[in-house]
Every structure is written in C-alpha cells, then in structure tokens.
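Me: I'd like to go through this one and ask where the labels come from. Can you walk me through them?

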Amino acid sequence: MEPASSVPGTQAIARAARLLRLVTAAGSDGASLQELAVAAELSRSTAHRLLSALKSEGLVDRDGASTRWMPGPELFLMGSVAAARYDVTTLARDIVRSLAVKTEESAFLSVRRADETVCLLREEGSFPIRSFVLSEGVRFPLGVASAGLAILAFLPDHDVDAYLDRHPELEGAWGRAHGQLPLRARLAETKERGYAVNPGLIVKGSWGMGAAVFDRAGRPEWALSLTGVEFRFGPDRMAELGRTLLAHAHQLSARIASTRR
C-alpha cells in the first residue's frame with residue numbers, strides 16, 4: 001500500500017477533515033475562524049480557504065450574524081446514511097436512560113473513533129447538581145475521560161503501547177496525571193476493577209466513571225459513563241455505581257451482539 005504522505009492532495013484532505021471534526025465538536029454554538037485555526041494548527045488564511053471550500057460543498061455553514069462556523073446540511077445527509085451501519089443509539093437509548101434514573105447522575109454513551117471518543121447520547125439524572133463536562137458531540141482522547149479510559153484499558157496491550165507512543169502530548173495537554181506511568185497505572189486499575197474512575201482530572205470536583213461496551217468480536221468500541229460532583233462518589237456509593245454501570249454495559253454489549261450482523 002502506498003504511504004499516505006506520498007499521495008498528492010493528502011495533506012489538504014487531512015486538514016479539511018480535521019476542521020470538519022472541530023466544527024462538529026463545537027456543537028450548536030459553532031466555532032470562530034480563530035478558534036478553528038488555532039485548534040487545527042493552521043494559519044487563519046489556510047483555515048478560511050479550507051472552510052470556504054467545505055462550505056461550497058454544504059459540509060459546513062457560516063452563521064451570517066455571528067460569523068461562527070457550524071455543521072452543514074450535507075453532513076446530516078451523510079450521517080443519516082452512515083447511521084444504518086455505525087449508529088447504536090437506538091439500541092442504547094433506553095439503557096442510558098435507565099442508568100440515569102437508577103443512579104440519579106448524568107449518563108452517557110460514547111463511541112470510539114480512531115484515537116478519540118465521541119459522546120453520542122446524554123441523559124440527565126434527577127440529582128439537581130450536575131457536571132457539564134460532557135455532551136453530545138464532545139470528543140476526548142482515549143485515556144482522558146472515563147469512557148476513553150475504559151475503552152483503552154480493554155484494548156490489546158500492543159494497541160495500548162502503540163497509542164501511547166503516538167500521543168506523547170497527552171501529559172502536556174491534560175496534566176501530569178496523563179503521563180505514561182500514571183495513565184498506565186489507571187489502566188491497570190480499570191482492567192482489574194472492570195470500570196474506570198476519573199477523580200476530577202478534567203475539571204476539579206467533577207468525577208466520572210466509565211465501562212466499556214463490546215462489539216460482536218469482543219472489541220471495546222463504545223462506553224457507558226456517569227458524571228457528577230465529587231461528594232456523590234464516596235467509596236461505598238462508588239462501588240454501588242460501578243456494579244450498576246457494569247450491569248448496564250453488559251446488557252448493551254449483549255444487545256449489540258444479538259442484533260448487529
């Protein structure tokens with residue numbers, strides 16, 4: 001197979017794809033040209049040129065009043081077609097809702113996409129104090145949020161090693177707790193316990209728990225997770241939450257195995 005770097009036009013395609021992911025990750029509020037250029041590590045002129053090309057194809061749109069960039073109508077049409085193959089939200093929605101009801105915390109379904117997780121579903125719990133770290137469309141690198149930590153922990157060891165080699169920037173971007181040694185320790189704890197715990201490592205005081213959901217081949221491709229405020233995650237209650245989370249994750253894995261072909 002010819003290396004991607006030698007294929008003419010590959011760099012422009014990769015840059016445009018990066019901008020598309022950033023626009024969709026920004027959600028309904030959209031993102032400014034400056035924000036997108038900085039996040040994509042592009043000059044403003046290059047980012048604007050690529051975004052304008054994407055806009056002409058209907059893949060992104062630009063709000064006339066705010067000048068912020070947002071997902072375009074073609075993305076909706078493409079997503080509708082791709083959903084038949086990749087989307088499990090119809091299978092998971094009642095399970096995510098049940099998790100939120102039983103725990104009273106906010107519950108989520110995230111999917112693995114290459115080296116990231118993307119939140120697909122959010123259900124609010126009844127507890128009045130909530131954490132707003134995660135919502136639909138938000139992306140995190142594997143190993144950062146509890147969903148990505150749960151998924152990474154159950155990948156084969158050689159895949160974990162390769163991932164960490166590809167991303168030496170995790171510690172600089174997310175703090176010392178995401179250096180290789182502490183991250184590997186949390187991965188080992190997650191594998192032994194069965195579920196991941198994020199003790200306020202993204203936003204202080206906002207805790208998360210995650211459990212991997214597996215495909216028919218036994219690969220961790222999704223995760224269920226919970227987030228809430230720190231005082232709701234004492235040792236005794238966390239063990240109870242972990243059992244509930246694992247039970248719902250096992251239920252969804254079984255449902256996926258029995259229905260996806």
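Predicted model: local features only at pLDDT ≥ 70, side-chain atom pairs only at ≥ 80, totals over all residues.

Me: What does the protein chain average in pLDDT?

Reply: pLDDT is the predictor's confidence in each residue, from 0 to 100. The protein chain averages 88, and 90% of the residues score at least 70. Over residues 1-7 pLDDT stays under 50, and the model has two contacts for them beyond four places in sequence; contact means heavy atoms within 4.5 Å.

Me: Why is helix 1 called oblique to helix 2?

Reply: Helices are DSSP runs of H or I with at least four residues, strands are runs of E with at least two, and both are numbered from the N terminus. The axes of helix 1 (residues 10-25) and helix 2 (residues 33-40) come within 10 Å and cross at roughly 125°. Angles under 35 degrees count as roughly parallel, over 145 as roughly antiparallel, 65 to 115 as roughly perpendicular and the rest as oblique, so helix 1 is oblique to helix 2. Axes here are lines fitted to C-alpha atoms, for helices over the stretch in contact, with angles from 0 to 180 degrees between N-to-C directions. Where they meet, Arg 18, Leu 19, Leu 22 and Val 23 of helix 1 touch Leu 36, Ala 39 and Ala 40 of helix 2.

Me: What makes Glu 41 count as exposed?

Reply: Buried means under 20% relative accessible area, exposed over 50%, and partly exposed in between (1.4 Å probe, protein chains only). Glu 41 has 73% relative accessibility, so Glu 41 counts as exposed. Glu 41 lies in the loop between helix 2 and helix 3 (44-56), and has a positive phi of about 55° although it is not a glycine.

Me: And why is Thr 67 partly exposed?

Reply: Thr 67 has 38% relative accessibility, so the label is partly exposed. Thr 67 sits in the loop between strand 1 (60-62) and strand 2 (69-71).

Me: Which residues touch the most other members of the largest nonpolar core?

Reply: A nonpolar core is a set of buried Ala, Val, Leu, Ile, Met, Phe, Trp, Tyr and Cys residues joined through side-chain atoms within 4.5 Å. The largest has 29 residues, and Leu 109, Met 209, Leu 224, Leu 245 and Leu 252 touch the most other members. Helix 10 gives the largest share of this core, seven residues.

Notes: Residues numbered from 1 in each chain as written. Heavy atoms only, no water.
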